[in-house]
Amino acid sequence: MANILAVCVSERKGEQKHPVEQIELKADHGIVGDAHAGSWHRQVSLLGKESVQKVQEKIDFTLKPGDFAENILTEGIILYELPVGTRLKLGEALCEVTQIGKECHYGCAIRKAAGDCVMPREGIFVKVLTPGVVRPGDELTLVES
């Protein structure tokens, strides 16, 4: 079983994401109140704890949810192996994978601090199809299309 460990937002672009108690996903928009929301294909970012652990093993400080600019930190599924078009139920919301990885801007804070950033390789992006609330502890399930 896969589940959601943390949900994170940033109110302004360029600011570190921080954990919150819950997020509201709005169809064709993303996270209500997040600076990166909008009508585009990268509405919500997800990263697996499994990916974070690869970097954590190489550094001497503790990584926190949101450090890689992920909106949702998950556990129990290898996200970057999911094909584009995969549908996921995140808490109450239904989303669709639109992109695996992204181009990295090498000046990012986490790359400077940790020497690596897994988000460009192993993070995924989804668009919101059906709205809903997502909280830490919620299940993440694959949905047959």
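1. Two strands pair if DSSP finds at least two bridges between them. Helices (H or I, at least four residues) and strands (E, at least two) are themselves DSSP runs, numbered from the N terminus. Three bridges join strand E1 to strand E2 (residues 18-20), and the two run antiparallel. Within this pair, Val7 stands opposite Val20 of E2.

2. A word on the model. This is a predicted model, in which local features need pLDDT of at least 70 and side-chain atom pairs count only at pLDDT 80 or more, while totals for chains, interfaces and linings use all residues. Residues are numbered from 1 along each chain as its sequence is written, and side-chain values use heavy atoms, with hydrogens and water left out.

3. Now the overall plan. The protein has three helices and 11 strands. From the N terminus on, the order of elements is β-β-β-β-β-α-β-β-β-α-α-β-β-β. Contact here means heavy atoms within 4.5 Å. Take the contacts between residues at least 6 apart in sequence: 70% of them join residues at least 24 apart.

4. Next, the surface. Buried means under 20% relative accessible area, exposed means over 50%, and partly exposed lies in between (1.4 Å probe, protein chains only). Of the 145 residues of the protein, 48% count as buried. The accessible surface comes to about 7,300 Å². Carbon and sulfur atoms account for 50% of that surface. Such areas come from the Shrake-Rupley method with a 1.4 Å probe, and for residues only the protein chains shown count as cover.

5. Back to strand E1. Why is E1 described as largely enclosed by the rest of the structure? Seven of its eight residues are buried, so the rest of the structure largely encloses E1. Besides its pairing with E2, E1 runs antiparallel to strand E6 (residues 72-75), joined by four bridges. There, Ala6 has Leu73 of E6 as its bridge partner. E1 also pairs with strand E11 (residues 139-143), again in the antiparallel sense, over two bridges.

6. Look at one residue of E1. Asn3 sits in this strand, which covers residues 2-9. Its bridge partner in E11 is Glu139. Is Asn3 buried or exposed? Asn3 is buried, because its relative accessible area is 17%. Leaving aside neighbours within four places in sequence, Asn3 is in contact with Leu73, Thr74, Glu75, Asp138, Glu139 and Leu140.

7. Salt bridges come next. A salt bridge is a side-chain nitrogen of Lys or Arg within 4 Å of a carboxyl oxygen of Asp or Glu. By this rule the count is seven. One of them joins Asp34 to Lys17, with the closest N and O atoms 3.6 Å apart. Asp34 lies in the loop between strand E4 (30-31) and strand E5 (44-48), and Lys17 lies in the loop between E1 and E2, so the pair ties together parts that are 17 residues apart in sequence. Asp34 counts as buried, at 7% relative accessibility. Lys17 counts as buried too, at 6%.

8. Another salt bridge involves two helices. Glu122 meets Lys54, and their closest N and O atoms are 2.7 Å apart. This pair links distant parts of the chain: Glu122 is in helix H3 (residues 119-122) and Lys54 in helix H1 (residues 49-56), 68 residues apart. Glu122 is buried, at 8% relative accessibility. Lys54 is partly exposed, with a relative accessible area of 36%.

9. A further salt bridge lies between strands. Lys127 and Glu96 meet through their side chains at 3.8 Å, N to O. Lys127 lies in strand E9 (residues 124-130) and Glu96 in strand E8 (residues 93-100), so the pair ties together parts that are 31 residues apart in sequence. Arg87 also belongs here: salt bridges that share partners join Arg87, Glu96 and Lys127 into one network. Lys127 is partly exposed at 29% relative accessibility, whereas Glu96 is buried at 16%.

10. Last, His41. Where is His41 found? His41 is in the loop between E4 and E5. It counts as partly exposed, at 37% relative accessibility. His41 and Asp28 are 13 residues apart along the chain, and their C-alpha atoms are separated by 8.7 Å. Not counting residues up to four places away in sequence, His41 touches Thr98, Gln99, Phe125, Val126 and Lys127. With Gln99, the side chain of His41 makes a polar contact of 2.7 Å. A polar contact is a pair of N or O atoms within 3.5 Å; within protein, one must be able to donate a hydrogen and the other to accept it, and residues adjacent in sequence count only if both atoms are side-chain atoms.
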